[in-house]
Amino acid sequence: MIIDYIENDYVVSVVGMCKNAGKTTVLNKLIEQYRGERLALTSVGRDGESQDVVTNTIKPKIYVNKGVMFATASELLPFCHITKEIIYTTNINTPLGKVVIVRALSCGFVQLAGPSMVDQLQTLKDLFIGLGATKILIDGAISRRSIGNPDLSNSIILSTGASLSHSIDELVEQTAYMVKLLSVEKMDEKLYQTIKEHKGTLFLSSKNDLLAKDLSLKETPENTKFIYVDTALTDSLVAPLLSLNINDLTIYAYDSSKIMLSKKIYDNLVVRKIGLGVVKNANLRVVTINPLSYRGIMLDKNILLKRMQQEIQIPVVNVEEE
């Protein structure tokens, strides 16, 4: 079961690659399987409503057990159909009011709407811990890349599905690429000891000596082996490197939430033997698939699962048939 893959992870983010990827179904499965745990929940954005306001389709609701804590916006409290106790009111503002922490005194359906900024989510995480939570689940989307920050979450569950593409080939390709970005290699300790003493963009030799800093990548010294960028890795930042006669080096970001490269640029880097790495891993544990799109198109679930398992080197599950 999914909990087998995240058994030792304290904070888990369930990340959807698109709307209707099945992450709410995953969340409900986890809530059910963690019955008896001191569980806490929140969402990056709104979730749990019965109808998707973007796709105008029916959505699964979020069902919590008695004793579960959850953080939501104050204006959504009337839509939480449980007996509830407000145990903490934060200073975190959302378009739907301040975020409050609620304890469910009965079982029932709730709506979640939490903060989207990493520092606010970190504050919420600390509050949950202080209130005795033993497992924290964060519901989010790949467009909100902040939840992939390993300082916030111990691990990630990636949800994908037919709503991303009705072509199995394209769906597998896009999902496999995202898995690659979330699974890039971790920086070794010797290199980390060098880069942590500096700030900015750093250019280092094969012996971890600092060659230069704060140059554009187009000015990369010839004997550079490692580059560390303390901002986001974007196409516009990295593309100039491809015009240089440089091969066989690695570009590092702090974590995978900072890697925002298109597949085209990524593939060009691979050809040039230019790798990617991170200071801290995202710890992607499992990929879940939803073969049904919000348009009502059902892909062949068996073929989809088999293809995903062939292309992705971590566990892949169809949650509905877990």
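Mentor: Let's start with a term: a polar contact is a pair of N or O atoms within 3.5 Å; within protein, one must be able to donate a hydrogen and the other to accept it, and residues adjacent in sequence count only if both atoms are side-chain atoms. Here, the side chain of Asp255 makes such a polar contact with the side chain of Ser257, at 2.3 Å.

Trainee: Before we go on, what kind of model is this?

Mentor: This is a predicted model, where local features need pLDDT of at least 70 and side-chain atom pairs count only at pLDDT 80 or more, while totals for chains, interfaces and linings use all residues. Residues are numbered from 1 along each chain as its sequence is written, and side-chain values use heavy atoms, with hydrogens and water left out.

Trainee: Okay, back to Asp255. Where is Asp255 found?

Mentor: Asp255 is in the loop between β17 and β18 (259-260). Those names come from DSSP runs, numbered from the N terminus: helices are H or I with at least four residues, strands are E with at least two.

Trainee: Is Asp255 buried or exposed?

Mentor: Asp255 counts as buried because its relative accessibility is 0%. Buried means under 20% relative accessible area, exposed means over 50%, and partly exposed is in between (1.4 Å probe, protein chains only).

Trainee: And how does Leu215 count?

Mentor: Leu215 counts as partly exposed because its relative accessibility is 28%. Leu215 sits in the loop between β14 (210-213) and β15 (226-228). Setting aside neighbours within four places in sequence, Leu215 is in contact with Thr201, Phe203 and Pro221; contact means heavy atoms within 4.5 Å.

Trainee: How far apart are Leu215 and Ser257?

Mentor: Leu215 and Ser257 are 42 residues apart in sequence and 23 Å apart in space, C-alpha to C-alpha.

Trainee: New topic: the helices. How many residues of α2 are buried?

Mentor: Helix α2 (residues 23-33) has eight of its eleven residues buried, which leaves the helix mostly covered. Among them are Val26, Leu27, Leu30 and Ile31.

Trainee: Which residues touch the most other members of the largest nonpolar core?

Mentor: In that core of 29 residues, they are Ile2, Leu30, Leu41, Val64, Phe70, Val110 and Ile157. The elements that each supply at least two residues of this core include α1 (2-5), β1 (11-16), α2 and β7 (97-104). The largest share, four residues, comes from α2. A nonpolar core is a set of buried Ala, Val, Leu, Ile, Met, Phe, Trp, Tyr and Cys residues joined through side-chain atoms within 4.5 Å.

Trainee: You mentioned β7. Why is β7 largely enclosed?

Mentor: Because six of the eight residues of β7 are buried, the strand is largely enclosed by the rest of the structure.

Trainee: And which strands pair with β7?

Mentor: Strand β5 (residues 69-73) pairs with β7 in the antiparallel sense over five bridges, and Ala73 has Val99 in β7 as its bridge partner. Strand β6 (residues 84-94) also runs antiparallel to β7, joined by seven bridges, with Glu85 opposite Arg103. A hairpin through two residues joins β6 to β7. Two strands pair if DSSP finds at least two bridges between them.

Trainee: What about the open sheet, in what order do the strands come?

Mentor: The order of the six strands is β12-β19-β17-β15-β13-β14, with mixed pairing. The edge strands, each pairing on one side only, are β12 (185-186) and β14. Strand β13 (residues 202-204) and β14 pair in the antiparallel sense over three bridges, with Leu204 opposite Leu210.

Trainee: Last one: how many aromatic pairs are there?

Mentor: A search of the whole structure finds three. One of them is Tyr177 with Tyr266, edge-to-face at 5.3 Å centre to centre and 70° between the planes. Tyr177 is in helix α4 (residues 168-181) and Tyr266 in helix α7 (residues 263-271), 89 residues apart. Rings of Phe, Tyr and Trp (its six-membered ring) pair if their centres lie within 6.5 Å; planes under 30 degrees apart count as stacked, over 60 as edge-to-face and the rest as tilted.
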